[in-house]
Structure formats: structure tokens, C-alpha cells
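Please read them with the sequence and the coordinates open beside you.

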There are 4 protein chains.
Amino acid sequence: MLIVMKKQASAEEIRAVCEHIEGLGFRAHPLPGAQRTAIGITGNQGAIDQGSLEELSGVAEVIRVSKPYKLVSRDVKEDDTVIRFPGTNATIGGKNLAIMAGPCSIETREQAFAVAEQIAAAGAQFFRGGAYKPRTSPYAFQGLGEEALKIMAEIRDTFGLRIVSEAIDHETLELVERYADMIQIGARNMQNYSLLREVGRTRKPVLLKRGMAATLEELLMAAEYIMNEGNYEVVLCERGVRTFVDHTRNTLDLSIVPAVQRLSHLPIIVDPSHGTGKRNKVVPLARAAVAVGADGLIVEVHHQPDKALSDGAQSIYPQQFADMVGEVRQIARILHRDVPDGIRVERQTVDLVDADQPVARAR
Amino acid sequence: MLIVMKKQASAEEIRAVCEHIEGLGFRAHPLPGAQRTAIGITGNQGAIDQGSLEELSGVAEVIRVSKPYKLVSRDVKEDDTVIRFPGTNATIGGKNLAIMAGPCSIETREQAFAVAEQIAAAGAQFFRGGAYKPRTSPYAFQGLGEEALKIMAEIRDTFGLRIVSEAIDHETLELVERYADMIQIGARNMQNYSLLREVGRTRKPVLLKRGMAATLEELLMAAEYIMNEGNYEVVLCERGVRTFVDHTRNTLDLSIVPAVQRLSHLPIIVDPSHGTGKRNKVVPLARAAVAVGADGLIVEVHHQPDKALSDGAQSIYPQQFADMVGEVRQIARILHRDVPDGIRVERQTVDLVDADQPVARAR
Amino acid sequence: MLIVMKKQASAEEIRAVCEHIEGLGFRAHPLPGAQRTAIGITGNQGAIDQGSLEELSGVAEVIRVSKPYKLVSRDVKEDDTVIRFPGTNATIGGKNLAIMAGPCSIETREQAFAVAEQIAAAGAQFFRGGAYKPRTSPYAFQGLGEEALKIMAEIRDTFGLRIVSEAIDHETLELVERYADMIQIGARNMQNYSLLREVGRTRKPVLLKRGMAATLEELLMAAEYIMNEGNYEVVLCERGVRTFVDHTRNTLDLSIVPAVQRLSHLPIIVDPSHGTGKRNKVVPLARAAVAVGADGLIVEVHHQPDKALSDGAQSIYPQQFADMVGEVRQIARILHRDVPDGIRVERQTVDLVDADQPVARAR
Amino acid sequence: MLIVMKKQASAEEIRAVCEHIEGLGFRAHPLPGAQRTAIGITGNQGAIDQGSLEELSGVAEVIRVSKPYKLVSRDVKEDDTVIRFPGTNATIGGKNLAIMAGPCSIETREQAFAVAEQIAAAGAQFFRGGAYKPRTSPYAFQGLGEEALKIMAEIRDTFGLRIVSEAIDHETLELVERYADMIQIGARNMQNYSLLREVGRTRKPVLLKRGMAATLEELLMAAEYIMNEGNYEVVLCERGVRTFVDHTRNTLDLSIVPAVQRLSHLPIIVDPSHGTGKRNKVVPLARAAVAVGADGLIVEVHHQPDKALSDGAQSIYPQQFADMVGEVRQIARILHRDVPDGIRVERQTVDLVDADQPVARAR
């Protein structure tokens with residue numbers, strides 16, 4: 001159920017309608033639009049009386065939403081969701097593409113800083129790095145944990161990059177929420193509904209990756225779980241699905257980008273690194289992702305991919321990344337979008353060699 | 001790494017070897033076999049000195065395990081794992097097939113008892129019922145929670161059935177462990193490694209369902225996560241994978257049964273209900289599962305499938321279940337296995353109508 | 001459109017109705033049932049006047065068939081189709097399972113006879129052998145061609161086995177039709193509509209294998225192409241579909257067996273050899289196929305699989321085949337079906353050694 | 001096996017080497033490169049003596065090709081294959097992208113001309129139209145046959161567009177070869193090896209579409225079948241594969257474009273119409289295909305898609321096509337490629353209304 005408020009409805013009226021709904025045992029989700037505010041109603045306590053809602057002050061219309069997903073739907077919110085990061089010009093879902101890059105796992109402070117410096121210079125606004133890695137084998141490297149999060153917090157301070165990192169359970173979610181700017185829910189946890197609910201109760205934007213066998217509807221329903229808890233800043237991410245195809249690690253399904261954009265107001269970005277699993281295919285698919293209309297990219301970059309503790313084969317070199325940004329910026333402009341220029345932060349490069357030294361500061 | 005102890009090695013020697021391994025920062029997993037005990041060594045702290053282990057008292061041989069999975073492997077434990085439920089004759093992995101049945105969700109005490117009575121009479125040894133349901137939509141029925149677990153505990157007391165129920169996170173795991181006899185990890189959580197580790201620290205047998213896009217190796221590695229924490233009673237379950245095929249909800253991959261049995265000592269059962277999603281295909285595929293060599297079946301049974309709150313379309317009627325058990329028993333005997341006869345428990349059927357009355361007791 | 005004739009309708013009336021339909025530019029397909037004859041009407045020349053058909057002598061009812069497939073549908077013919085081979089007791093679709101076996105390719109007369117003798121003794125009624133092999137590589141062994149067909153004709157004369165062999169185009173179809181008893185259309189040609197039409201104009205039964213990515217509807221529509229040309233003796237064959245699963249060569253989709261049996265009167269058999277691609281999985285899946293209700297099996301058997309020119313890894317030994325027949329016979333009986341005993345044909349075994357000698361005759 | 005000739009080898013020497021190879025019972029495939037000619041050797045008659053080949057006059061080197069595909073491989077021919085159409089500036093595989101467009105089926109002369117005029121003006125160099133349609137149902141529209149081919153021949157004469165049309169068997173191949181400039185082999189026939197061999201004996205370029213479940217290697221092997229018969233002008237086409245994904249008709253696998261370009265010298269184009277099956281996704285995926293590096297596009301365009309006899313839902317309007325060409329031209333230039341301007345041919349539009357009149361001529 002969706003309540004469309006009148007254009008001139010006051011904040012007071014909106015609040016009163018929300019309280020009325022909550023009083024009935026449902027959840028109210030005020031969703032401000034360019035023209036007017038809509039209020040989504042969710043809950044599974046049975047029917048709600050449409051007529052009485054229409055009589056509330058400031059209400060223009062009450063609409064029944066027939067799709068299984070409500071809050072993610074364009075029926076409920078027509079305008080694109082744009083996620084902003086206060087104090088920066090980084091956005092996701094707006095005119096500028098969101099470019100996220102970094103190593104699969106944070107391995108050392110030296111490695112993380114070396115990559116961060118180069119991706120910032122090339123135009124990335126987000127640094128992605130794994131602190132907690134969901135690995136197929138219990139005996140594989142599982143991430144540096146909180147130490148990695150601290151290194152990334154330093155990277156934010158040094159380079160002005162926003163930090164994206166994955167949470168895999170209750171405990172790690174608390175830590176990632178504390179240190180990072182955006183919380184990633186990985187493909188393997190896309191239907192871990194407890195985790196989705198919990199991340200829906202945080203107040204950090206969420207990067208939700210598509211599961212390996214998830215349909216479009218399942219992806220949208222996973223976002224609905226998060227939004228139903230009150231966190232409306234969800235970014236979807238296509239990262240390849242599992243098929244019979246054996247020339248790539250996964251099959252990147254770029255058609256989901258226009259499909260999501262038709263049905264939902266949420267931004268969607270693409271991960272060509274997991275989507276292909278092969279270094280030589282990352283850049284071509286990154287170009288394709290921007291050309292298909294994605295709102296951004298998330299790419300694995302490593303300064304020494306052959307020594308990476310995870311995903312080395314699909315990590316590109318910093319120089320490849322810089323060239324890639326140059327190409328996708330041109331493609332973005334054809335679609336009336338853009339990629340902002342990178343920022344070069346001068347640091348004492350000796351710090352990268354001697355990891356025991358204190359952290360370099362931006363000057 | 002695997003240590004094979006001498007046939008005549010004493011319990012004392014085995015304990016000493018385990019302590020030595022733990023002292024080196026690794027985990028020791030003593031695995032008693034028909035002839036002698038093997039001790040699996042896991043951990044990711046790097047290499048271990050093979051030579052010094054061979055010198056320990058009671059050690060026959062030290063073998064490097066090249067497969068990515070260790071504890072699940074037949075290389076480490078040659079004999080089939082048989083899981084026993086003390087105080088009952090229910091087993092999984094032995095000569096007798098394990099037959100699990102029950103409704104998708106526990107809806108009411110009446111419904112649960114009606115189904116339980118009939119499946120017990122037909123030959124099931126396990127009652128499966130959902131208390132916590134991982135549903136695609138946050139607005140769908142999510143299960144009765146602890147109330148459902150209490151109803152199932154009554155069912156155990158009344159009918160002697162062992163209880164299997166799904167845990168979906170830390171909190172529900174504690175409750176399921178308390179009330180149930182076997183903890184199910186669902187397909188959507190097969191790669192929720194935090195949950196796998198946590199269930200690995202319980203002391204109840206685990207039913208691990210294959211993920212919708214999981215390979216054989218990923219399924220075995222998920223079991224390895226559980227075993228690496230010290231819980232060696234893991235039962236695998238094939239429940240269909242996601243493919244292009246559209247005449248069933250999932251595609252039941254029966255070939256994984258002999259594939260698992262070649263590589264692993266763990267039992268594997270089959271779920272033809274989720275594997276097909278259609279009532280008219282459950283019984284034929286149940287027969288096929290037993291014929292291919294599965295160690296058991298888990299089947300959704302509902303006395304009024306058209307009124308079920310979840311999965312009604314794939315639930316079979318109690319009479320269909322009884323007929324099915326009759327057929328699979330005959331097939332099992334061809335393969336030198338068996339299904340024990342059902343137990344008819346007489347109860348005052350009035351109890352089912354008046355749920356406020358105390359639980360009927362078996363006489 | 002379907003015309004149901006009255007029970008007492010005469011052959012003359014049936015013929016008159018067919019002629020009337022053909023006169024209108026459509027095709028008439030008389031389909032005798034246990035109770036009465038139905039006449040299917042196909043063609044794409046637009047609408048036909050239902051009312052005038054109902055007035056024809058002997059017509060009981062005229063029914064519009066809404067499914068895209070007509071002649072294959074149970075709506076058009078309720079009784080199971082049973083295919084008989086005159087002069088033998090071999091049938092497909094009746095009470096007895098049809099057991100087909102033989103080498104992937106006919107390699108030498110000696111090899112073919114060695115296999116044929118053993119499969120006949122074990123209970124097969126059909127000998128399958130490739131004369132024309134559709135191979136992924138143009139440089140791989142492509143089959144012995146007509147020489148192979150001649151060897152198989154001898155095998156029929158010697159052992160009384162019916163011969164099944166694959167045709168891959170116009171030319172090979174003519175030859176296979178001449179020598180064999182049943183014409184196989186392979187998975188790669190399931191949607192080679194020209195070939196389907198052409199085999200529909202032969203008068204030999206057709207074994208139609210499911211394509212690697214074919215849906216149930218596409219399989220039925222392929223059979224419809226054949227039947228629309230007047231050949232109603234079509235046997236469907238499940239042989240595995242292509243999925244992400246990597247522990248078998250294909251994923252055997254046994255659920256298609258009950259799915260076909262609901263919708264169609266045509267028999268369906270299963271090929272566990274291509275369906276798994278691994279010798280150690282053929283027998284378990286063959287048992288499962290019979291348990292699920294298949295009307296027969298087609299299995300690759302080779303007396304020296306390691307020397308086979310094609311598909312050696314999935315060919316079973318003659319002794320494995322004999323054991324398999326023993327097991328599936330018992331399973332068949334549970335389902336009120338059967339597998340007839342094999343026939344041991346005594347031959348001078350010297351013939352197998354000296355291929356220049358005239359063919360051994362059954363005594 | 002591959003013979004690399006010396007740079008200065010004469011035509012006479014090349015011919016002599018080829019004759020020598022053929023004399024040994026193998027096939028010789030002279031493949032001229034930018035620097036020098038290579039001669040591929042194929043055949044399955046067993047080993048060939050490498051040493052004696054090295055002694056032939058003009059031979060620089062003899063190389064064993066270990067990949068299963070030979071003639072399609074970059075190991076055998078390093079330079080990209082560029083296919084030219086004499087008398088036009090249309091090319092496939094060179095700097096300019098090949099843009100192919102037209103209706104799924106030729107329905108009427110009026111329809112075909114209406115579409116052709118607009119796609120030519122927009123920048124297409126190729127007109128694609130179905131004369132023989134492989135349809136899932138025998139009762140669906142199967143194409144106008146030779147009449148369609150004649151209409152397309154007129155379109156070539158009127159608009160200067162090169163004609164691409166599908167052949168489905170021996171008979172239609174003869175007709176398509178006579179009327180069209182390029183012969184399409186459809187996805188359903190990608191492993192119809194008889195047809196591949198036959199089209200390999202024609203002297204028209206071949207457009208080979210990837211099968212719905214074909215791996216990269218199978219696609220390359222299908223091209224190898226064609227090339228082994230002496231036709232080296234093969235263009236590959238990605239058109240989507242079949243997966244569980246249900247928001248598009250097929251899943252367009254754009255990663256195969258860079259994968260093919262690494263392994264093979266053959267051009268590869270993309271069909272976003274079949275690849276998505278939905279009009280609103282064709283243009284975004286067309287942009288993505290060019291951005292990933294494809295050598296061209298093949299797109300279904302219809303002036304009245306809602307009235308189309310086949311594939312209406314995935315056909316775009318002429319104006320959408322024109323806009324699409326504008327966008328992909330800009331993307332192409334970023335990759336240092338281009339799309340030539342369209343040619344506007346003035347015609348008496350009355351001709352389109354009165355189909356009995358003689359064909360309009362370009363002035």
C-alpha cells in the first residue's frame with residue numbers, strides 16, 4: 001500500500017500519517033520525491049482499511065501496490081535514488097558514475113596504500129577492500145579483520161576515498177559499520193535474511209551483491225528486506241551468475257541493469273572482476289557495463305596481482321585501471337553522465353617501502 | 001594432513017598425538033574407523049613437519065591430503081559415517097534409510113500432530129517442520145518461532161520421532177539446538193560461513209542442504225567448515241539446483257549421490273519436494289532417489305496442502321506418503337537396505353480439536 | 001482441433017472425415033484409441049469451421065486443443081502409445097521396459113558382435129550403435145558409415161536384436177532407414193526441423209533425444225514436427241541437459257519423465273551414459289530412471305572401454321550391464337512392469353577372432 | 001599442423017607445398033598473413049612426417065598445433081580476418097563496425113522495403129531478413145521462402161545493402177547462396193555438422209550463430225568444420241545463451257567477445273535482439289556490445305513491430321535504430337573504430353503501397 005501526499009502537505013501532516021499507520025501495527029516509510037512525498041506501508045498483519053487512510057489530512061491518494069516488492073519499486077518512488085556521502089562529492093545514482101576500486105583483501109598497510117594512492121589519482125571515489133572474506137575453504141586466508149578496517153579508515157583520511165567493505169555476520173557488521181562508509185553484503189549472503197534485516201537497521205548505505213543464482217525478483221526482494229527495516233540507501237550490484245559457460249568464472253548478466261532501472265529507483269553498479277574472473281576481460285566488460293547504463297563500477301585492483309592472497313587472477317594493475325577510467329569517462333559522457341577527475345595526493349613514497357613508519361599524511 | 005594410528009594404538013596414545021598437534025597451533029580431529037583411528041590435522045598456519053609426527057608413539061603413517069576438503073574425504077575416513085540417535089533405532093547412513101517428513105512450516109499444534117501421527121505410522125523416523133522460514137519476501141509468513149519448536153518437542157515425546165528444524169542465524173540456532181534433535185542449514189545459508197562455524201560448535205547432528213548453485217566441491221567444503229569446528233555428524237542433502245529447466249521448480253541432480261559417496265564418508269539424503277516443487281513429481285523422484293543409492297529422504301507432507309501457509313503445491317498427502325514408503329522400502333531391499341516399519345501411536349483424537357488440552361500421550 | 005469419433009463409427013466414416021479435412025487444405029491424423037478413434041487436425045492455413053465438422057457422419061465431438069502441441073498431447077490421444085516391432089516381442093511404451101545397449105560407435109565387426117552377444121544374453125532387445133557420429137571436432141572419428149550399418153544388420157539376423165542408429169542428414173537418413181529398425185535423431189539435431197520433417201515421412205519408429213538446452217515444450221514440439229508428417233511412432237529420450245554442474249558431463253533431468261507422461265502419450269526412455277558421462281554413475285542412474293517410471297533405457301556398453309574410439313569413459317562393461325539389468329528388472333516389477341529374460345545365442349566364437357569368416361548364425 | 005612459409009616464398013612454392021600435403025591424403029589450407037603465408041594441415045588420417053615437410057622449398061617452420069581447433073586459431077593466423085564484399089565498402093572485422101539490421105521475417109515487399117530504406121539511411125550496410133524460419137512449432141509461420149529471397153535481392157539493388165539470410169538445410173542453402181551475400185547458420189543448427197560442411201563448400205561468407213548451450217570451444221569447433229572445407233570467411237555471432245535468468249529471453253554473454261578475440265582471428269558480432277528478447281533492452285545491450293569490442297551488430301528492426309509475424313516483441317522501431325547507430329558510432333570512435341554514415345536513397349514512396357508495380361529504382 002502506498003500513500004501519495006499532496007504537494008503542499010506539511011511535514012506535520014506527513015508525520016501524523018506515519019504515526020497513524022504505525023498505530024495500526026504497520027510500518028510507515030516516508031519517501032520524499034522531487035514533487036511530493038509518498039509513504040510506503042509494509043507489514044504482514046493482514047488488510048488495512050484504504051478508505052480511512054484517504055480521509056487523513058494531506059493525503060492525495062492511496063494506491064495498492066500489486067508487485068511483491070514495494071519499497072524498491074518505481075511505483076512507490078518514481079525518482080532515481082541518489083546516495084550522497086556528506087562532506088564529499090561522491091554520489092551513487094546521480095549524474096556521476098560511482099567508481100569503486102581496491103584489492104580483494106587488505107593484506108598489508110603497504111599494499112593497501114599503494115593501491116589506494118593510484119586509484120584515487122585515476123578517479124575512483126571509493127576504496128573497496130576485504131577485511132572479512134567469505135572463502136570456500138575454511139583453510140584459506142580469511143582476511144585481516146579489524147586491522148584491515150583500521151588501515152582503510154586511514155586510507156579515507158589520507159586520500160579522501162569513501163570506504164566499502166563486506167560484513168558477513170552480526171559481529172563483523174558492527175565493526176564494518178563503525179569503520180567503513182558503506183557496508184557490502186556479498187553474493188553468498190544475498191538471501192541471509194537475518195543479516196539483511198540487521199544491515200537494514202544500520203544507518204550506512206548498503207552495497208547488495210546479486211547472488212550467484214538469484215533472479216531479478218529475488219535481488220529486489222533482498223533489497224526490500226533491508227528497506228523494510230528503514231535503511232533506504234541500497235545499491236544493487238551485478239557480479240555475474242553461474243551458468244554452464246566455462247570461459248569465464250561467472251557469466252556477467254548486463255541485461256539486469258536496464259531491467260532493474262525499469263522496475264526500481266535504486267542505483268545498480270557492476271563488478272566486472274568477479275563477473276569474469278579473468279584480468280584480460282575486466283576492462284572490456286567495465287566499458288560494456290558503463291555503456292549499458294550502470295551507475296558505477298566496482299573493480300579489483302592490485303599493484304602485484306601475482307602475489308595477491310585472493311583473486312589475483314582477476315585483479316587488474318593500477319595502470320590498467322587508470323586507462324579504464326579514461327575510457328569509461330568518455331563512454332559515460334555519450335550517455336550524458338560523467339566520471340570526475342582523480343585527485344593526486346602527495347605522500348612520501350618511502351612510507352610504502354617501510355611499513356613500520358607512521359602513516360603518510362596528505363599535505 | 002592425516003595421521004593413521006596403528007591398530008593397537010591406545011586411547012592414551014591417540015590423546016597424546018592430538019595434544020601434540022594442538023600444541024603446534026593446529027586442530028586435531030580423531031576419527032575412529034572400523035580398523036583403526038585416523039587423526040585429521042587442519043589449520044592454515046602454514047606447514048607442519050611430517051617427520052616429527054611419524055616419530056610419535058602409536059603413529060603408523062602420516063599422509064598428505066591433496067584434496068581441498070580433508071575431514072569430509074574418504075581419504076581421511078574410509079568407513080561410511082553412521083549417525084545414531086541415542087535411545088532410538090533411528091540412524092542415518094547405515095543399512096536403514098532415514099525417512100524424514102512433515103510440513104514445510106509448523107502452522108498449528110493440530111496440523112503438526114495430524115501430520116506427525118500419519119507419517120510415524122507410515123514409517124518415518126524423523127519429523128521435519130519449519131519454525132523459522134527463510135522467505136523470499138519480508139512480508140510472507142516467517143514461521144511460528146519458538147512456539148513451533150515447543151510443538152515439535154511434544155511431537156517427539158508423543159510419537160518418538162526425532163525432530164529436524166532449520167536454524168537461520170545465531171539466535172535461532174540456540175533455540176533449535178535446544179529443542180530439536182538435528183539442526184538443518186538451508187540451501188540459502190550453505191555458504192553462510194559464520195553460521196556453518198557456529199553449528200560446527202554445537203553437538204547436534206547437522207543436515208546441510210546444497211545451495212541452489214553449489215558445485216559438489218562447494219557442498220563438501222561447506223561440510224568441511226562444520227567438521228573443522230569439531231562437529232563430525234553432518235548429513236548432506238540434495239534438493240535441486242537452479243537451471244533453465246522450467247517444468248520443475250528446481251532440477252534434482254541425483255547424480256550427486258554416487259558422486260558424494262565416492263569422495264566422502266558422509267551420508268547424503270534427497271529432498272524431492274524442493275527438488276521438483278510439484279506434488280505429482282515427488283513420489284516418482286523419491287523412488288529414483290532411493291534407487292540411485294541415497295541414504296534417506298526428506299519429504300514435505302501436509303494433511304491439507306491447499307491450505308498450507310507455505311509450499312502447499314509441493315506437499316504430498318499423508319496417504320501418498322504412506323504409499324511412497326511402501327514403494328521405496330521395496331526398492332531399498334533390492335539394494336540390500338531397508339526401511340523399518342512404522343509405529344502406530346494411539347491417541348485421543350479429541351486432542352487435536354481442542355488445542356488447550358494437555359498433550360496426548362502414547363499409551 | 002480434434003475430432004472424437006463415435007464408438008461405433010465405421011472405418012468408412014473415419015476415412016470420409018479425413019478426406020473432408022484434407023479437402024479443406026488441412027492434415028488429418030487418425031489416432032485409434034482403446035475405445036474410439038480421434039482425428040487430429042493440423043495445419044497453419046487459418047481457422048476451420050467447427051460447426052460443419054460436427055455434422056459429419058460418425059463424429060461425436062469437435063474439441064479445440066489449446067496447447068501448442070497437438071498430436072503429442074494426451075488431450076488428443078489418451079492411451080499410452082506402444083510401439084511394436086513386428087516379428088519380435090520387443091515393444092516400447094508397454095508393460096515391458098525397452099532395454100537398448102551397445103557401443104557408442106561401431107568400430108569393427110568383432111567389437112560389435114562381442115558386445116551384441118553379451119547384451120542379448122543379459123536381456124537387451126535393442127542394439128544401439130553409431131554409424132554416423134556427430135563429433136564436436138571435424139578431425140575426430142566420424143563413424144564407419146554404411147559398413148557399420150551392414151554389421152548391425154548382421155547382428156539383427158544373428159541375435160534377434162532390433163537395431164537403433166542415428167541419422168544426421170538427408171543422405172544418412174536414407175541409409176539408416178534401410179538397415180535399421182529405429183532411427184535416432186540426436187540431441188544436436190533436436191531442432192533441425194528439416195531432418196525432423198524428413199524422418200516424419202519415413203515409416204520407421206524414431207528415437208528423439210532431448211537437446212542439451214531444450215525445455216519440455218521444445219522437446220514435445222520437436223516430436224510434433226515428426227508426427228505432423230504422419231509418423232506417429234516417436235520415442236522421447238532424456239540424456240541430460242547442460243548446467244553449471246561439473247561433476248557429471250551433463251545433468252540428468254529425471255523429472256522430465258513424469259512430466260512427459262502427464263502431458264503426452266508418447267513413451268520416454270533415459271540415457272544414463274550421456275546423462276552422466278562417467279562409468280561409475282551409469283548404473284545408479286539407470287536404476288533411478290527405471291524407478292522414476294521411464295519406459296526404458298539406452299546404455300553404452302563396450303567390451304574394452306579403454307580402447308573405444310568414442311565415449312569410452314562413459315561405457316560400461318558387459319558384466320556391469322548384466323548386473324544392471326538384474327537390478328532394474330526387480331525395480332520394474334515393483335512398478336508392475338518387467339524386463340524379459342535375455343536370450344543366449346550360441347555362436348562359434350572363432351568368428352569373432354577371424355572377421356573374414358561368414359557371419360555366425362543362431363542355431 | 002601448421003607450415004609457416006618464408007617471407008619471400010613464391011606463389012609457386014606455396015602451391016607446391018599444398019599439393020604435396022594433398023598428395024599425402026591431408027587437406028592444405030593456405031592462409032595469407034600480413035607478413036607471410038601459413039599453410040594449415042588438417043585431416044584425421046593419422047600422423048604426418050614433420051621432418052620431410054621442413055625440407056620442402058620455401059618452408060620456414062613446421063609447428064604442431066596443440067589446440068583442438070586449428071584453422072580458427074590465432075596460432076595459425078595471427079592477423080584479424082577482414083571480410084570484404086567486392087564492389088562495396090562493407091567489411092566485417094576491420095576498422096568499421098558491421099551493422100546488420102532488418103526484420104526477423106520478410107513478410108511483404110512493402111514491409112521489407114520500408115525497413116530497408118530506413119536502416120540504410122541510418123547507417124546499416126547489411127540487410128538481414130528471414131526467408132526460411134526455424135520455428136519451434138510446425139504450425140507457426142515458416143517464412144516466405146524464395147519469394148523473400150527475391151525481395152531481398154531487389155533490396156540490394158535498390159539500397160546497396162548486402163543481404164544476410166539463414167539457410168536451414170541442403171535445399172535452402174542452394175537458394176540462399178544464389179540470392180544472398182552472406183549465409184547465416186542459426187543457433188539451432190550450430191552443431192548440424194552436415195550443414196556446416198556444406199556451407200563450407202560454398203564461396204559466400206558465413207554468419208555462424210552460437211548455439212543456445214554452446215561453449216566457446218564448441219563455437220570455435222563449429223567454425224572449424226566450415227573452414228576445413230575451404231571457406232575461410234566465417235563471422236561468429238553471440239546471441240545469448242540459455243540460463244536460469246528469467247528477465248530476458250536469453251542471457252547475452254558479452255564476455256565471449258574478448259575471449260574469441262584472444263583465441264581466434266575470426267570476427268565476432270553480437271545480436272542484442274535475440275540476446276534479450278525485449279525491445280527496451282536492445283539498445284542498451286547494443287551499446288554494451290560495441291563497448292566490449294564486438295566487430296558489429298545484428299539487430300531486428302520492424303516498422304510495425306506489433307504486427308510482426310515473428311519476434312515482434314524484440315524488434316525495435318526504425319527511429320530507435322537510427323538513434324542506436326548514433327550512440328554506437330560514438331562509442332566505436334573511443335575504441336578507434338567507426339561506423340560509416342548512412343546513405344539516403346530517394347524512391348517513389350507510392351511503390352511501397354502498390355506492391356504490383358515494378359520495383360523502385362535508386363535515382
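1. Copies are superposed here by least squares on the C-alpha atoms of residues with pLDDT of at least 70 in both, pLDDT being the predictor's confidence in each residue, from 0 to 100.

2. The structure is a predicted model, in which local features need pLDDT of at least 70 and side-chain atom pairs count only at pLDDT 80 or more, while totals for chains, interfaces and linings use all residues. Residues are numbered from 1 along each chain as its sequence is written, and chains are lettered from A and ligands numbered from 1 in the order in which they are written.

3. The contact between these copies takes 35 residues from chain C and 34 residues from chain B, where two residues are in contact if their C-beta atoms, placed from the backbone, lie within 7 Å. Helix 10 (279–292) of chain C gives the largest share of the side that touches chain B, 9 residues. That side of chain C divides into 19 nonpolar, 10 polar and 6 charged residues; Ala, Val, Leu, Ile, Met, Phe, Trp, Tyr, Cys and Pro count as nonpolar, Asp, Glu, Lys and Arg as charged, and the others, Gly among them, as polar.

4. Leu97(D) sits in the loop between strand 6 (91–92) and strand 7 (98–102) of chain D, helices (H or I, at least four residues) and strands (E, at least two) being DSSP runs numbered from the N terminus. Leu97(D) counts as buried because it has 27 C-beta neighbours inside 10 Å; the cut-offs are 20 or more other C-beta atoms within 10 Å for buried, 12 or fewer for exposed, and partly exposed in between, with C-beta atoms placed from the backbone. Leaving aside neighbours within four places in sequence, its contacts include Val290(D), Leu297(D) and Val339(D).

5. As to confidence, the model scores ipTM 0.91 and pTM 0.92, and chain A averages a pLDDT of 92, with 94% of the residues scoring at least 70.
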